[in-house]
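Please keep the sequence and the model in view while reading.

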Amino acid sequence: MAPSDPYRHRVPLPAGSEPVVKVGDDVQPGDPLASLSSPTATLSVPIAKPLHRKRQEVEPLLVTTPGHRVRENQPLARTPDRDVRAPVEGLFLGYDPQTGNAALLPLETGPSIVSDVRGVVMEVASEAITIAVPAVMLAGAAGSGPAVHGSLTIMVSGPDQPLEPALIDADASGRILVGGSWASAEAITRARAVGVAAIVVGGLHARDLTDFTGLQHRRSLLGTAAPPFGVLAVDGFGQASMDPARFAWLRAHADHPATVLGDQRRLLVFDAAPAPARVPRANVGDRVVIVAGPGRGQAGLLSDVPVQPLAVGSGISTLCGLVTLDAGRTVSVALANLEASQPAA
């Protein structure tokens with residue numbers, strides 16, 4: 001199988017962060033990419049008096065400009081025989097000729113921004129760091145959870161078979177389990193309890209996904225979060241059988257290292273052949289079939305696709321289509337749960 005081009009993983013950087021990597025660096029999951037600093041109370045730094053200059057004579061002697069980030073002990077102003085240095089790292093806000101002092105906003109270093117993936121740094125910019133990952137990305141329809149890592153383990157023999165709780169035991173700890181059609185709330189709970197890294201299935205019920213996401217959030221607030229765990233539905237909401245071509249591709253890469261980015265709805269499979277192309281999304285005017293979730297098996301005409309996401313479950317929003325069913329009524333269906341049966345003329 002021919003290898004695919006590296007996937008480009010983009011890590012946004014919030015204001016106040018400073019990259020600690022450079023282009024060409026190898027990074028592993030958990031490696032720091034940037035330090036994040038937060039401002040404290042403004043500090044007044046005498047300038048005119050230490051330089052033995054009148055207050056109105058100081059501005060031409062400054063060696064930094066307002067808004068510039070300065071390091072501890074970096075010169076702020078100098079004469080041929082004297083200088084004034086920053087007592088701490090911070091943002092230089094400016095010089096006041098009325099007082100002879102400069103305003104400095106100290107920055108306290110906070111937690112680092114770390115890498116979610118293994119790869120090589122391709123680009124470092126003020127707004128983001130881009131990492132080339134030797135993996136193929138499979139985009140999903142829904143998911144939840146932070147970045148988790150493990151080897152792909154195929155748990156069922158076909159794309160229409162659910163991931164049953166009875167299949168999950170202690171041997172699955174640290175692995176990414178691949179099921180077929182869906183996983184129930186009981187299967188999700190069981191997988192988390194035995195230390196599974198993530199589950200990847202065709203579909204998830206929106207309510208189960210909402211409940212799981214809420215539980216993760218509550219535990220983090222209480223400081224009782226369990227080891228990282230993710231869920232990913234690659235094809236739709238509800239009992240959606242996984243696309244057979246995707247299932248075959250995943251089975252061909254059993255035991256390959258992988259990363260699940262649940263919150264980003266992505267699966268990265270390392271050292272993999274190109275993934276099967278996705279079936280093009282249905283367009284307005286197409287005849288469609290509901291392939292998962294409420295109304296499964298019913299057909300109709302896709303009459304509109306609202307720009308704004310709509311709710312498909314408790315707190316879960318996604319792009320939906322308005323389908324006029326053959327029975328006459330119009331329903332809202334997640335686009336991921338629709339399959340075009342006949343293109344518009």
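Valine 27 is found in strand 3 (residues 26-27), where strands are DSSP runs of E of at least two residues and helices are runs of H or I of at least four residues, both numbered from the N terminus. Valine 27 is buried, at a relative accessible area of 2%; buried means under 20% relative accessible area, exposed over 50%, and partly exposed in between, with a 1.4 Å probe and protein chains only. Leaving aside residues up to four places away in sequence, valine 27 touches Val21, Leu33, Ser115, Val117, Arg118, Gly119, Val121 and Ile131, a contact being heavy atoms within 4.5 Å.

The model is predicted, so local features need pLDDT of at least 70 and side-chain atom pairs count only at pLDDT 80 or more, whereas totals for chains, interfaces and linings use all residues. Residues are numbered from 1 along each chain as its sequence is written, and side-chain values use heavy atoms, with hydrogens and water left out.

| Residue | Phi | Relative accessible area |
|---|---|---|
| Histidine 52 | near 60° | 53%, exposed |
| Aspartate 255 | about 75° | 56%, exposed |

Histidine 52 is in the loop between helix 1 (48-51) and strand 6 (69-70), while aspartate 255 lies in the loop between helix 4 (244-252) and strand 19 (257-261).

The largest nonpolar core has 23 residues, of which Ile168, Val196, Ile199, Leu204, Phe229 and Val231 touch the most other members. Helix 2 (185-193), strand 17 (198-204), helix 3 (206-222) and strand 18 (230-237) each supply at least two residues of this core. Apart from it lies another core, of 21 residues, including Val136, Val156, Val200 and Val260. Such a core is a set of buried Ala, Val, Leu, Ile, Met, Phe, Trp, Tyr and Cys residues joined through side-chain atoms within 4.5 Å.

The chain as a whole has 4 helices and 27 strands. Its radius of gyration is 27 Å, well over the 20 Å that the globule rule gives for 345 residues, so the chain is more spread out than a compact globule; the radius is taken over C-alpha atoms, and the rule is 2.2 Å times the number of residues to the power 0.38. Along its principal axes the C-alpha trace spans about 85 × 50 × 45 Å, and 43% of the 345 residues count as buried.
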